[in-house]
Amino acid sequence: MVNQFTINLGFYMLMPYLAAHLSGNLGLAGWTIGLILGMRNFSQQGMFLVGGTLADRLGYKPLIVAGCLLRTVGFAALGLVDSLPALLAASAATGLAGALFNPAVRAYLAADAGERRVEAFALFNVFYQAGILLGPLVGMVLTGVDFRLTCLVSAAVFAVLSAVQIRALPARGSGKTAQDSGGSGESVLAQWRSVVRNRPFLLFAAAMIGSYVLTFQVYLALPLEVRRAGGEGDFGTAAVALLFAVSGLSTILFQTRVTAWCRAGLAPGQAVTRGVLIMGLAFLPLLAATALPVPDGDGYGGVAGRWLLAAGPPVLAALLLALGTMIAYPFEMDTIVRLSGDRLVATHYGLYNTVCGVGITLGNLLTGAALDTARAAGLAALPWLALLALGLLSAAALRALHRTGRLEAAPEPG
């Protein structure tokens, strides 16, 4: 838990401010900035499967430590280098680091939690969101002094975390546990074939892509909508900050209670389905707002009305997205372990992250195209209708998998 909180603290104190550093301090062109940021995402998503496989074969702890050490180097380099090749290498290193420790962390938690995986992943999400919430605040203070200081402090956070884990983190997923998880005795290609042949797991991963596209809109469509309706001034900045505060604080305050309520009355497949359904319905307030007239006039009432229309629906959407995630996430993580048959768990997490990561990329391209089309053609409801339909489609696919028993199946070994 502390591991994931610290990882997110170090990551989010730096990444939100990297683009401004590249454009302002280094004066790089927009396409170059996109290339550098895209390199991190590409190296992470592309290497998740490799990271998960290595975790199953070598143990979870070595991969967690290696990822944190690599991110220490990458984040320090981002603040110290200014040439394009060096920046690309540093960005790739930070992405590869995530690919190494992400599947290993989740597999480690699943192994240690045993039958209490759902509760463990609920608490995991609390620590996860706390890091996301606190990181940008720390980064804002440090970046106000110097962005290089932000990079060095973030690197120091990962260095300290690496040292603590080397000393204090018990080994998991190696020796006897590696044999139990299927991590030894067969080639890498044989392991990958066994995972790819796990049809219920692949169907579940495909059905969950929509949920990840929807939750990512807290970073894409919702801030753009706030800026479009409320302007680029202080209000827009405050409203965007409110989006993240609502999402993070609601999870910290209510995640464990929501999970306990769902566990008492819902099967895992039902919980995931309802969570994704709520994520889709989160865009109804934005859809309804497109039918409301924009208040005119420069008086207090007109300005207050415009601000309420600009911030209210996106904030409500962010709250509903957080609620849907709170319902679905712990059961989603548990379902992956069950569908793996407790075998090659980290490899399953790695492939799952890759599938969903590719889906997020394609989904964001389509969402961006829908936003551009909506502005050009005057069809304000188009992106919200598309996102609502995506949520309904994903929920319907998950409901079908649950009703046919595919979310309860486990593959036969080998």
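In which helix of the protein chain is confidence lowest, and in which is it highest? The mean pLDDT (the predictor's confidence in each residue, from 0 to 100) is lowest in helix α8 (residues 176–180), at 42, and highest in helix α13 (residues 268–281), at 96. The structure is a predicted model, in which local features need pLDDT of at least 70 and side-chain atom pairs count only at pLDDT 80 or more, while totals for chains, interfaces and linings use all residues. Residues are numbered from 1 along each chain as its sequence is written, and side-chain values use heavy atoms, with hydrogens and water left out.

Across the protein chain, pLDDT averages 86, and 89% of the residues score at least 70. Over residues 175–183, pLDDT stays under 50; for this stretch the model has 19 contacts (heavy atoms within 4.5 Å) beyond four places in sequence. Where pLDDT is low, the predicted coordinates should not be read in detail.

The secondary structure comprises 17 helices and zero strands, taken as DSSP runs numbered from the N terminus (helices H or I, at least four residues; strands E, at least two). Of the 414 residues in the protein chain, 50% count as buried, where buried means under 20% relative accessible area, exposed over 50% and partly exposed in between (1.4 Å probe, protein chains only). Among contacts between residues at least 6 apart in sequence, 85% join residues at least 24 apart.

Two helix pairs illustrate the packing. Helix α4 (residues 60–80) and helix α7 (residues 147–168) have axes that come within 8 Å and cross at roughly 165°; axes are lines fitted to C-alpha atoms, for helices over the stretch in contact, and angles run from 0 to 180 degrees between N-to-C directions. That angle makes α4 roughly antiparallel to α7 (under 35 degrees counts as roughly parallel, over 145 as roughly antiparallel, 65 to 115 as roughly perpendicular and the rest as oblique). The crossing of α4 and α7 is left-handed, meaning that the near helix is turned anticlockwise from the far one by less than a right angle, whereas clockwise gives a right-handed crossing. Their contact includes I64, V65, C68 and L69 of α4 and C151, L152, A155 and F158 of α7. By class, this contact has 16 nonpolar, five polar and three charged residues (Ala, Val, Leu, Ile, Met, Phe, Trp, Tyr, Cys and Pro count as nonpolar, Asp, Glu, Lys and Arg as charged, and the others, Gly among them, as polar).

Helix α10 (residues 199–215) packs against helix α16 (residues 345–377) at an angle of about 40°, with the axes 8 Å apart. This makes α10 oblique to α16, and the crossing is right-handed. Among the residues that meet are F201, F204 and M208 in α10 and L351, V355 and G359 in α16. The contact of α10 with α16 has 13 nonpolar, four polar and no charged residues.

V105, in helix α5 (residues 84–113), is buried, with a relative accessible area of 7%. Beyond its neighbours within four places in sequence, V105 contacts N3, Q4, I64 and F124; Q4 is 101 residues away in sequence but 7.9 Å away in space, C-alpha to C-alpha. S247 belongs to helix α12 (residues 234–265) and is buried at 15% relative accessible area.

D342 is partly exposed at 45% relative accessibility, whereas L344 is buried at 0%.
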